[in-house]
Amino acid sequence: MNEIEMATERFGYLDSLPLGVCILRQDFVVLYWNDCLDEWTGISRDNIVGANIISKFPRLDEPKYKSRLVNIFEGGPPTTFSSKRHKYTIPSPLPNGDFRIQETTVIPMTAFDGAGSYALFAIQDVTDLARLIHDHKAIHDRALEEIRKRESAEEQLKTYSISLEEMVEERTSELKSALEYLQTTQLQLLQSEKMASVGQLAAGIAHEINTPTQYVADNVHFLKDGFDDLDALLKKYANLVKAIKEGDSAHDHARELDKAAEEADLVYLSEEIPKAIEQCLEGIGQVAKIVRSMKEFSPPGTIEKTAIDINGAIETTITVARNEWKYVAEMETDLDPSLPLVLCVPGDFNQVILNVITNAAHAIAEVVGDGSNGKGTIKISTRCNDSWAEIRVSDTGKGIPEDIRQRIFEPFFTTKEVGQGMGQGLAVSRSMIVNKHCGTIDFETEMGKGTTFNIGLPIAQE
Ligand SMILES: Nc1ncnc2c1ncn2[C@@H]1O[C@H](COP(=O)(O)OP(=O)(O)OP(=O)(O)O)[C@@H](O)[C@H]1O
Ligand SMILES: [Mg+2]
């Protein structure tokens, strides 16, 4: 039995292994070639066994391979051909034209005759494994890339959050100073709102005082003329009395007296003079009332809460603001006499009622125009409800449109033309009633019918 037959007999069982197995003798002659290698390389056992392997796979003749094989034949340590490069040593093509990736281990094996060693090739197909590793590597690389991206995003986030914090801090301090500025402005606005309405009121009041003053003056002129006529008559009368006393002829004097009495129209004067005096008293009374109201309207320097007569304060404000409403509205009041005194800042309360009356007059003016074709009505009533004083101011104005109802208490919100309204009236009123007096202010409204503002003040306030 030669070596080839011995190899076939000894290693035949390796045919069924899923490994490529071949055995080389020192002279590179193939002693054994298993089925697996048949299939992989396309070179059948019959074609290669007994032949020099280099004749089939010439690259094995390259020194880098050959020297390692020689080493094995001399009983050197096992060697491994790197999978990638080894496909060039015993290449085995795949159906798609690629080459199988192989992991080849070569170990020395004692020759059958005991002299020297054969080289036993064990070739593993690692194509799938390599692909798997390749895929894994790609996944791994992608994961690494992802991690790197996340890290850089985190880094960026950190920077952002630091600059965000800085921005927030900056904004907060900006907001703080804006708030302080607003608070100061609000105080100034409160003041200017008061000044504006005081200016407007002053003009109205001047007008109100002017009318009675005018007709007092006319009547006084009339009285002066009447007095001149009467004075002339009195002189004639004195002459007549003197003539009679001195025994003169009274006849001429009496005729003169008659003539003067006729000229003076004594009947007319005796009818008209009492009327003129009456009108003067009335006019002066009206002026006195306005002056009194003005004094009561804003007691100078009163910023402390005082127990005030709400009804009286309302009447005062109605009088002072007469010029604001009298052309467009009739004023009706229904003031509850049982209303106790209420603790509040009188100037503030008057200001609120004035703002609400002015708004009511403006809303009515939008319906009745200048009032020459009929006026609207403003009705003010008060009630005592448990521990609350309730004040209702209704008007027959145009009503408040749905879309602005939420906004009318906002500072600077106005539907009036520039110069007509600053949009401060209700904002200031609410601040005074709600913040300063712990009260309430709200409204009911119906388009085309009118609006009612309800103000509630706690009777016993701190
Ligand atoms: N009684 C009312 N009827 C209809 N609309 C009203 C009435 N009261 C207030 N409004 C509406 O609310 C808005 C805000 O009122 P607010 O009194 O605050 O400001 P203004 O009257 O416009 O200006 P200012 O009072 O500063 O002169 C008004 O412009 C108006 O549109
Ligand atoms: Mg207003």
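Hi everyone. Residues are numbered from 1 along each chain as its sequence is written, while chains are lettered from A and ligands numbered from 1 in the order in which they are written. Because the model is predicted, local features need pLDDT of at least 70 and side-chain atom pairs count only at pLDDT 80 or more, while totals for chains, interfaces and linings use all residues.

Let's start with the overall layout. The protein chain is assigned domain 1 (3-125), domain 2 (129-196), domain 3 (204-294) and domain 4 (298-458), with bounds from an automatic or database domain assignment. Between the C-alpha centres of domain 2 and domain 3 there are 89 Å.

Now the backbone. Most residues other than glycine have a negative phi. F412 is not a glycine, yet its phi is positive, about 70°. Look for F412 in the loop between strand 10 (388-395) and helix 13 (425-436); helices (H or I, at least four residues) and strands (E, at least two) are DSSP runs, numbered from the N terminus.

Is F412 buried or exposed? F412 is exposed, with 10 other C-beta atoms within 10 Å. For that label, C-beta atoms are placed from the backbone, and 20 or more others within 10 Å means buried, 12 or fewer exposed, and in between partly exposed.

C438, also not a glycine, has a positive phi of about 50°. C438 sits in the loop between helix 13 and strand 11 (440-446), and counts as exposed with 12 C-beta neighbours inside 10 Å.

Finally, the ligand. Which element gives the largest share of the shell around ligand 1? Helix 12, with four residues.
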